[in-house]
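This report describes the fold and packing of one protein chain. The sequence and structure come first, and the notes follow.

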Amino acid sequence: IERLTDTCEAAVLGGVTGPALLSEQLLIHNDAATEIREEAVFTASEICVELVNTYLDAGADGVAVLEPNGLDVPLYGEAAEPIINTLDHYEAEGTLITDTAAPQDVRTAATVGFDAITGAVDDETVIQVAQDRDIAFGLGVPRETFKTGPDDVAAFRDKLPENVGLSSKWTVPQETA
């Protein structure tokens with residue numbers, strides 16, 4: 001982070017595995033009791049806060065919180081609140097990165113206080129939910145669109161409202177020019 005912030009003119013974000021994904025990884029059994037799941041989310045949140053502090057102390061402009069499976073875990077808002085408090089303390093940006101953003105994910109992200117959320121969509125109402133909640137939205141360009149070339153990516157972008165950004169949906173296929 002320190003090297004990047006010294007040499008890069010773009011915003012530098014640290015990547016943090018979010019409390020939903022990390023708590024999933026902490027749980028060995030899918031049949032864990034609700035109390036255990038809740039405790040795992042809060043433990044994951046504490047780990048996230050430590051990582052966020054480390055990135056921001058090193059000079060990052062914000063963090064990208066990776067939640068590929070969405071935010072559908074018990075008490076996500078309460079678990080993410082300390083992350084937002086840390087970002088606010090540093091006056092830093094926080095972006096949630098999902099694989100597929102659902103309307104409820106956008107509502108949760110906005111309520112908790114994230115600045116932006118990004119992901120592909122199965123339901124175009126997500127864009128309107130983001131606009132209604134005043135949270136920046138980056139639409140994940142489908143991998144298939146990247147594979148067919150820059151003209152198709154441009155056509156995909158041209159169909160979007162002006163206030164919707166683009167994201168890469170995790171990875172750009174290796175064969176993309």
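## Two exposed loop residues

The model is predicted. At 72% relative accessibility, Asp134 counts as exposed, because the cut-off for that class is over 50%. Asp134 sits in the loop that links α6 (125–133) to β5 (136–140). Its phi is near 55°, a positive value in a residue other than glycine.

Glu91 also has a positive phi, about 55°, although it is not a glycine. Glu91 is found in the loop between α4 and β3 (93–100). With a relative accessible area of 75%, Glu91 is exposed.

## The sheet

Six strands form an open sheet in the order β1-β2-β3-β4-β5-β6, and their pairing is parallel. β1 and β6 (164–167) are the edge strands, each pairing on one side only. From one strand to the next, the twist averages 25°.

α2 packs on this sheet, where it touches β1 and β2, and the direction of α2 makes about 40° with that of β1. The pairing of β1 with β2 is parallel and runs over five bridges. Within this part of the sheet, Val16 stands opposite Val65 in β2. β2 is also joined to β3 by five bridges, again with the strands running parallel. Here Leu66 has Ile97 in β3 as its bridge partner.

The two faces of β1 can be told apart by cover. Gly14 and Val16 make up the covered face, while Leu13, Gly15 and Thr17 make up the uncovered one. In a regular strand the side chains alternate between the two faces of the sheet.

Which residues of helix α2 (residues 19–26) are buried? They are Pro19, Ala20, Leu21, Leu22 and Ser23. The elements that cover the buried residues of α2 include β1 (13–17), α3 (34–57), β2 (62–66) and α4 (76–90). The cover therefore includes both strands and helices.

Ser23 can be followed in detail. This residue lies in helix α2 and has a relative accessible area of 4%. Ser23 is buried because that value falls under the 20% cut-off. Leaving aside residues up to four places away in sequence, Ser23 touches Ala40, Val41 and Ala44.

## Packing of α2 against α3

Two packed helices are described by the angle between their axes and the distance between the axes. For α2 and α3, the axes come within 8 Å and cross at roughly 120°. α2 is therefore oblique to α3. Their crossing is right-handed.

On the α2 side, the contact is made by Pro19, Leu22, Ser23 and Leu26. These meet Ala40, Val41, Thr43, Ala44, Ser45, Ile47 and Cys48 in α3. Sorted by class, the contact of α2 with α3 has eight nonpolar, three polar and no charged residues. An α-helix has 3.6 residues a turn, so residues three or four places apart point the same way.

## Packing of α3 against α4

How are α3 and α4 placed relative to each other, in angle and in distance? They pack at an angle of about 15°, and their axes are 8 Å apart. This angle is under 35 degrees, so α3 is roughly parallel to α4. α3 passes α4 in a right-handed crossing.

The α3 residues in this contact are Val41, Phe42, Ser45, Cys48, Val49, Val52, Asn53, Leu56 and Asp57. In α4 they meet Glu78, Ala79, Pro82, Ile83, Thr86, Leu87 and Tyr90. By class, the residues of the contact of α3 with α4 divide into 11 nonpolar, three polar and two charged.

Val41, Ser45 and Cys48 of α3 are listed in the contact with α4, and they are also listed in the contact with α2.

Glu2 belongs to helix α1 (residues 2–7). With a relative accessible area of 53%, Glu2 is exposed. Between Glu2 and Arg37 there are 35 residues of separation in sequence and 35 Å in space, taken from C-alpha to C-alpha.

How values were computed:
Residues are numbered from 1 along each chain as its sequence is written. This is a predicted model: local features need pLDDT of at least 70, side-chain atom pairs count only at pLDDT 80 or more; totals for chains, interfaces and linings use all residues. Side-chain values use heavy atoms; hydrogens and water are left out. Buried means under 20% relative accessible area, exposed over 50%, partly exposed in between (1.4 Å probe, protein chains only). Contact means heavy atoms within 4.5 Å. Axes are lines fitted to C-alpha atoms, for helices over the stretch in contact, and angles run from 0 to 180 degrees between N-to-C directions. Angles under 35 degrees count as roughly parallel, over 145 as roughly antiparallel, 65 to 115 as roughly perpendicular and the rest as oblique. A crossing is left-handed if the near helix is turned anticlockwise from the far one by less than a right angle, and right-handed if clockwise. Ala, Val, Leu, Ile, Met, Phe, Trp, Tyr, Cys and Pro count as nonpolar, Asp, Glu, Lys and Arg as charged, and the others, Gly among them, as polar. Two strands pair if DSSP finds at least two bridges between them.
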